[in-house]
Amino acid sequence: MPSSAVSEIPNATSAAIAAHIANALRAAIAERGQASLAVSGGKSPIPVFEALRGQVLDWSRVTVVLVDERVVPHGHADSNTGLVQRHLLQGAAAQARFLPFFGEITPQLTAVVLDTLVDDATARIDPLPWPLDVALLGMGEDGHTASLFPGAAGFARAMATDEQLAWVVSDTAPHARLTFTLHALLSARELLLALAGEAKYAVYRRAREQADVALPVSLVLNQDRTPVSVWLG
């Protein structure tokens with residue numbers, strides 16, 4: 001049976017998603033004095049970022065972190081850090097504290113270097129109020145979420161470890177990645193999954209049927225630990 005932790009919102013808009021996130025952050029600030037938000041990168045969440053940055057809330061009490069990051073310089077076109085800085089952390093939202101996973105990086109990305117990057121990123125996000133109040137997720141047509149790519153190097157560890165971060169290298173996606181682990185995602189107070197398009201809807205419906213490690217998002221959807229709202233655009 002599908003998990004009771006999942007709620008679906010049809011005909012979702014970027015403005016509605018942004019308003020929902022802002023309300024959750026306001027509630028966290030009112031209850032605990034601060035709030036934490038993890039966001040996915042790529043092009044899909046850009047309209048949400050641009051709607052969210054216009055929301056009225058005390059951004060100085062919000063800490064923003066990435067769900068996952070490509071191991072590229074911050075000035076690279078594929079950098080999620082750069083994307084968040086350009087599209088979310090503008091105007092009043094620039095007052096938020098942003099915790100990127102790394103600073104300068106070496107081009108020699110061996111497993112040893114990636115392990116070092118994970119250790120460094122774990123230290124960098126130590127100021128993050130934990131657990132995450134809200135994590136905004138996306139999903140690929142292969143069923144991956146965050147950078148949990150099925151079959152990738154590092155994938156099994158990222159799915160099984162109780163640590164917060166792991167590295168993943170996939171033949172199907174450019175760049176090595178640092179990603180929140182499944183454990184870290186399911187430790188959040190609330191997960192939002194935003195989807196659009198028939199191809200992704202079909203994958204989502206299949207993932208809702210049962211947990212299957214070949215469809216990593218299914219392990220987010222078929223659990224009763226963390227509330228998940230699925231926004232179908």
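This is a predicted model: local features need pLDDT of at least 70, side-chain atom pairs count only at pLDDT 80 or more; totals for chains, interfaces and linings use all residues.
Trainee: What do the side chains of arginine 124 and aspartate 120 meet in, and at what N to O distance?

Mentor: Arginine 124 counts as partly exposed at 34% relative accessibility, and aspartate 120 counts as partly exposed at 31%. Their side chains meet in a salt bridge, with an N to O distance of 3.0 Å.

Trainee: How many salt bridges does a search of the whole structure find?

Mentor: The pair of arginine 124 and aspartate 120 is one example of a salt bridge. Another is formed by glutamate 31 and arginine 32, whose closest N and O atoms are 3.5 Å apart. For the whole structure, the search gives a total of six.

Trainee: Is glutamate 31 buried or exposed?

Mentor: The relative accessible area of glutamate 31 is 63%. A residue counts as exposed when this value is over 50%. Therefore glutamate 31 is exposed.

Trainee: Which residue forms a salt bridge with arginine 32 whose closest N and O atoms are 2.5 Å apart?

Mentor: Arginine 32 counts as partly exposed, at 34% relative accessibility. Its partner at 2.5 Å is aspartate 133. This pair links distant parts of the chain, 101 residues apart: arginine 32 lies in helix H1, and the loop between helix H4 and S6 holds aspartate 133.

Trainee: Which residues are linked with Glu31 in a network of salt bridges?

Mentor: Glutamate 31 forms a salt bridge with arginine 32, and arginine 32 forms one with aspartate 133. Aspartate 133 is buried, with a relative accessible area of 5%. The network links Glu31 with Arg32, Asp133 and Arg189.

Trainee: Which residue has a backbone oxygen 2.6 Å from a polar atom of the side chain of threonine 145?

Mentor: Threonine 145 is placed in the loop between strand S6 and helix H5. Its relative accessible area is 1%, so threonine 145 is buried. Leaving aside neighbours within four places in sequence, its contacts are Leu137, Gly138, Val217 and Val220. The backbone oxygen at 2.6 Å belongs to glycine 138.

Trainee: About how much space lies in the largest pocket?

Mentor: The space in the largest pocket is about 640 Å³. Gly41, Ser44, Pro45, Gly138 and Lys200 are the closest to its centre among the 32 residues that line it. The elements giving two or more residues to this lining are H1, helix H2, strand S4, S6 and strand S9.

Trainee: By class, how many residues of each kind has the lining of the second largest pocket?

Mentor: The second largest pocket has a volume of about 160 Å³. Its lining includes Gly42, Lys43, Ile46, Arg70 and Pro174. By class, the counts for this lining are four nonpolar, three polar and four charged residues.

Methods: Residues are numbered from 1 along each chain as its sequence is written. Side-chain values use heavy atoms; hydrogens and water are left out. Helices (H or I, at least four residues) and strands (E, at least two) are DSSP runs, numbered from the N terminus. Buried means under 20% relative accessible area, exposed over 50%, partly exposed in between (1.4 Å probe, protein chains only). A polar contact is a pair of N or O atoms within 3.5 Å; within protein, one must be able to donate a hydrogen and the other to accept it, and residues adjacent in sequence count only if both atoms are side-chain atoms. Contact means heavy atoms within 4.5 Å. A salt bridge is a side-chain nitrogen of Lys or Arg within 4 Å of a carboxyl oxygen of Asp or Glu. On a 1 Å grid over the protein atoms alone, a cavity is a set of points where a 1.4 Å probe fits but cannot get out, and a pocket is an open set with protein on both sides within 12 Å along at least five of seven lines; lining residues have an atom within 4 Å of a point. Grid points are joined across faces, edges and corners, and a volume is the space filled by probe spheres set on the points. Ala, Val, Leu, Ile, Met, Phe, Trp, Tyr, Cys and Pro count as nonpolar, Asp, Glu, Lys and Arg as charged, and the others, Gly among them, as polar.
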